[in-house]
Amino acid sequence: MGSGRRWAAVLALFVAWFGVLVGVAGPASAHAGLVSTDPPSGTRLARAPDHVSFTFTEHVTLVRDGIKLVDAKGKGTALPGATSVGSTVRVQLPAIPDGAYVVVYRVVSADTHPVAGAVAFTVGKVAPGAAVPTPLALPKPSIALRATGGVERWVSYAGAVGVIGVPVFLVVCWPGGRTSRRLRHVPTVGGAAVVVAALVGLPVQAARSTGNSFGSALHDGSISDVLHTAFGRAAQERIVCAVLAAGLWAWWRVQPRRQLAIAWVAAAIALALGYSKAGHPAVGRWPGLTLADDTAHLSAVAIWLGGLAVLTACVLPAPPEGCAAVLSRWSRLAMVSVTVLVTTGVIQAWRELRSVHALVHHTYGQWVLLKVGLLVVMLAFGNLGRRRVQRYVADGATATVTLLRRSVFAEVGIGAAVLVATSALVVTNPGPTSAHSTDGSSMAGMAGMAGMAGHPPVATGATDLPIGVHVEVRVTNPMAGNPTIELTVTRQGKVIKVAEVQVKAGLPVAGVEPIPLKVVKLAVGSYEVRQAPLTIPGQWVLTITVRTNSIDAGVGTVAIQLY
């Protein structure tokens with residue numbers, strides 16, 4: 001089989017595997033989910049409970065001041081002393097009088113991503129709508145914090161390319177290049193970039209976990225908390241392994257001993273594993289396999305991009321003696337790297353997405369599509385470069401080197417964009433989005449005559465889901481307390497039968513994260529939430545998920561004003 005056909009086969013395999021695995025799989029996975037609470041959300045209690053517990057789908061890590069008690073006036077009080085045993089978090093409550101309360105939690109899931117939510121309950125006899133809350137806004141990550149985190153991750157991955165990919169190219173493809181002045185310090189600089197990025201990443205993670213600012217994380221002690229989490233341990237591992245890999249390479253370059261080479265390989269693999277341990281691959285049914293897959297994926301990317309960088313900066317501008325042999329060896333190494341990258345990438349996409357809807361409509365899936373598109377373009381340039389390598393090996397023409405330099409330069413530029421997409425995927429939830437905004441949703445409306453007490457007797461809203469489903473929402477007597485929410489699911493004006501309807505309610509202005517509500521099916525296309533625990537007046541945002549089958553699901557939001 002010719003080189004062009006081999007590259008075409010890799011591309012076809014990439015597209016086919018990606019389409020089949022994502023197309024036939026089930027719903028998307030997500031971060032830690034709330035399974036149950038004690039007391040259950042929406043409970044009316046005769047006496048005040050002495051504790052609240054949350055049970056999640058997986059182990060979670062507590063964060064400083066991560067659990068707060070919010071009363072009917074919107075006043076929030078931090079609840080210290082929370083404990084975590086297995087997948088259950090328990091926190092003691094102070095003595096509280098009769099009234100309506102919401103306990104808001106913020107924890108970190110096993111894949112190092114923050115997760116937030118709330119449970120609502122009432123104590124004693126509470127008059128619905130009797131209290132008006134003072135807004136309690138939970139801090140959101142600032143643009144500066146998100147930008148700092150993005151730059152930190154990109155620099156870290158670029159450093160890994162320098163400390164892993166460049167040495168592999170020099171050993172496998174261009175042994176004489178280890179004496180090059182241009183490349184002498186590249187692995188050392190790459191290792192330093194990994195170390196600096198890991199150090200910056202600690203306060204960034206602390207700020208994301210607690211919801212505070214980057215500056216606050218530097219002095220409030222939360223960095224110390226992060227150091228004892230999976231994220232902190234992975235960051236420390238990357239720091240140690242980056243220093244070892246850079247040092248061993250500098251030693252081997254002077255004294256090329258086999259023992260040093262073996263030690264460098266071990267350090268490089270451990271460094272790549274340090275990235276995998278701080279993300280989605282570290283959790284799931286088979287963490288050992290997913291960690292190995294992600295480590296191989298990152299290593300393949302580093303080797304491919306590292307080789308392209310050396311070609312662009314040193315080999316092609318001034319072809320060294322034996323350049324034809326260097327390019328020929330690189331062509332084979334690139335093919336192996338791309339094959340590993342494609343195989344492991346498809347497995348990752350299947351594991352995290354598992355549905356066509358998630359691929360198209362969720363942020364994680366959209367980043368995956370962008371990365372796939374960039375890789376496809378890189379494969380096309382790689383195929384073009386491979387043909388030019390073969391032409392150069394055959395005739396040694398200088399003009400061919402010029403053309404090859406252009407295609408490789410394009411690959412390097414696209415590779416930098418691939419690192420951007422990879423950096424975004426690391427911090428993006430692969431599960432369904434839970435939007436708090438009201439974009440695309442209908443606001444609460446009024447029907448009939450104005451109700452007593454200055455509010456409408458009925459609040460209505462609607463949303464069109466991306467799967468072609470229309471959901472109408474109706475709340476009779478929209479008073480804070482325990483209202484009943486009616487939902488009607490239609491398509492083209494006719495009620496339809498669906499597999500599942502899920503509803504969550506959040507109050508963004510008061511810092512109340514989405515609360516899962518129990519949905520009862522009344523008839524085909526007709527559903528109801530009875531005695532919803534929406535005890536605080538304000539504009540509640542309902543996040544509605546409708547599954548029409550085991551594959552397709554749509555998510556929309558509706559804003560309802562409660563008085």
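What is the order of the strands in the open sheet of four strands? In this predicted model, the order is E15-E14-E18-E19, and the pairing is antiparallel.

## The four-stranded sheet

Strands E15 (512-517) and E19 (553-562) form the edges of the sheet. Each has a single partner strand, so one side of each is left without a neighbour in the sheet. On average, neighbouring strands are turned by 25° against each other, direction ignored.

## Pairing within the sheet

Strands of a sheet pair through backbone hydrogen bonds, either parallel or antiparallel. Strand E18 (residues 538-547) pairs with E19 in the antiparallel sense over 10 bridges. Strand E14 (residues 500-507) is joined to E18 by seven bridges, again antiparallel, while four bridges link E14 to E15, which also run antiparallel.

Individual residues illustrate these pairings. Val546 has Gly554 in E19 as its bridge partner, and Val546 of E18 also stands opposite Val501. For Val503, the bridge partner in E15 is Leu517.

## The crossing of H7 and H8

Two packed helices are described by the angle between their axes and the distance between the axes. For helix H7 (residues 258-276) and helix H8 (residues 287-315), the axes come within 8 Å and cross at roughly 115°. This crossing is right-handed.

On the H7 side, the contact is made by Ile269, Ala272, Leu273, Tyr275 and Ser276; H8 contributes Leu291, Asp294, Thr295, Leu298 and Ser299. Six of the contact residues are nonpolar, three are polar and one is charged.

Note on methods. Residues numbered from 1 in each chain as written. Predicted model: local features only at pLDDT ≥ 70, side-chain atom pairs only at ≥ 80, totals over all residues. Heavy atoms only, no water. Axes fitted to C-alpha atoms, helices over the stretch in contact; angles between N-to-C directions. Helix = DSSP H or I, 4+ residues; strand = E, 2+ residues; numbered from the N terminus. Left-handed = near helix turned anticlockwise from the far one by under 90°. Contact = heavy atoms within 4.5 Å. Nonpolar A, V, L, I, M, F, W, Y, C, P; charged D, E, K, R; others polar. Pairing = 2+ DSSP bridges.
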